[in-house]
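Please read this briefing next to the sequence and the 3D view.

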Amino acid sequence: MTVQYRASKYLDEIEETSIGTDNHFCEENVREVQESSRMLVNDICKVFGAESLKNFTPAMMNKPSVVKAQMAEWLFSAIHLLDQCSLPLMSNARVQLENLQEEKIADQKNIINLQNELISQKNEELGLVSKTVEAELKTYSSALQQSCSTALSPKNIVAAVQKVAGEDDRSREVLVFGVAEEKGECANVKVAKILEQLEEKPKFQVSKNRTAKGERSSPNQIQRQKY
């Protein structure tokens, strides 16, 4: 068997794209290396009669019909794909992953700093709201206290009680009906005589009540006075 599969079949396209030498890692480069490696393995399995690489054994390679020149082409291609493509791609991938990890850590730090700033700002706003509410409460409390102090002062309470007592308390008033009226009479004297008969001697003031109608004489209104 002459040389049918040259290394250029597997490596030309890779060398044109500078895979493994540009310090770059991307999905397209990985796909090209995978395609070249798969093509190399399929050709080897085909020549040595293996269905796939899983069924391939070293004993199969001891085939006299495969010349050393062909084996050299395949070996060179495999070494190039491994050393010049796969390993550099893996190294580039590691560097890119490390860079991404560093960027992620930096982003997380920025997020934490922004969260702390937001929390600090919220706390400051809450503090201002708290101070405003406290000031408003103090103002309202002061106004309410002043209003209550004025309304509930002893002077005002006494005045209110006296007013109510003067308007509503009639427990010291008595109306006496049927006392004959005479010209030039002294109502106090007549009423005093009536009270003496009742064995009562309070201090009082008599006045005529002119509101009653239909009576021959107006009733006498007696108001008991304080001693």
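Arg 94 is partly exposed, with a relative accessible area of 44%; the scale calls a residue buried under 20% relative accessible area, exposed over 50% and partly exposed in between, with a 1.4 Å probe and protein chains only. Glu 98 is partly exposed as well, at 39%. This is a predicted model, in which local features need pLDDT of at least 70 and side-chain atom pairs count only at pLDDT 80 or more, while totals for chains, interfaces and linings use all residues. Residues are numbered from 1 along each chain as its sequence is written, and side-chain values use heavy atoms, with hydrogens and water left out.

**Salt bridges**

- Side chains of opposite charge can pair when their charged atoms come close.
- A salt bridge is counted when a side-chain nitrogen of Lys or Arg is within 4 Å of a carboxyl oxygen of Asp or Glu.
- The count by this rule is five salt bridges.
- One of them joins Arg 94 to Glu 98, with the closest N and O atoms 3.1 Å apart.
- Both Arg 94 and Glu 98 belong to helix α3, where they sit four residues apart, about one turn of the helix.
- Helices here are DSSP runs of H or I with at least four residues, strands are runs of E with at least two, and both are numbered from the N terminus.
- Glu 35 and Arg 38 form another salt bridge, at 3.1 Å from N to O.
- These two residues are separated by about one helical turn because they are three residues apart in helix α2 (residues 27-48).
- Glu 35 is partly exposed at 46% relative accessibility, and Arg 38 is partly exposed at 45%.

- Glu 73 pairs with Arg 6 in a salt bridge whose closest N and O atoms are 3.3 Å apart.
- This pair connects distant parts of the chain, since Glu 73 is in helix α3 and Arg 6 is in the segment before α1 (8-16), 67 residues apart.
- Glu 73 is buried, with a relative accessible area of 19%, whereas Arg 6 is partly exposed at 45%.
- Phe 76 also lies in helix α3, which covers residues 68-151.
- The C-alpha atoms of Phe 76 and Arg 6 are 9.7 Å apart, although 70 residues separate the two along the chain.
- Leaving out residues up to four places away in sequence, Phe 76 touches Ala 7 and Leu 11; a contact means heavy atoms within 4.5 Å.

**How α1 and α2 meet**

- The axes of α1 and α2 come within 9 Å and cross at roughly 175 degrees.
- Axes are lines fitted to C-alpha atoms, for helices over the stretch in contact, and angles run from 0 to 180 degrees between N-to-C directions.
- The two helices α1 and α2 are therefore roughly antiparallel to each other, a label for angles over 145 degrees.
- On the α1 side, Lys 9, Tyr 10 and Ile 14 take part, and they meet Glu 32, Val 33, Ser 36, Met 39, Leu 40 and Asp 43 in α2.

**The whole chain**

- The chain has five helices and three strands.
- In order from the N terminus, its elements are α-α-α-α-β-α-β-β.
- Of the 227 residues in the chain, 20% are buried.
- Among contacts in the chain with a separation of 6 or more, 57% are between residues 24 or more positions apart.

Technical notes:
Parallel < 35°, antiparallel > 145°, perpendicular 65-115°, else oblique.
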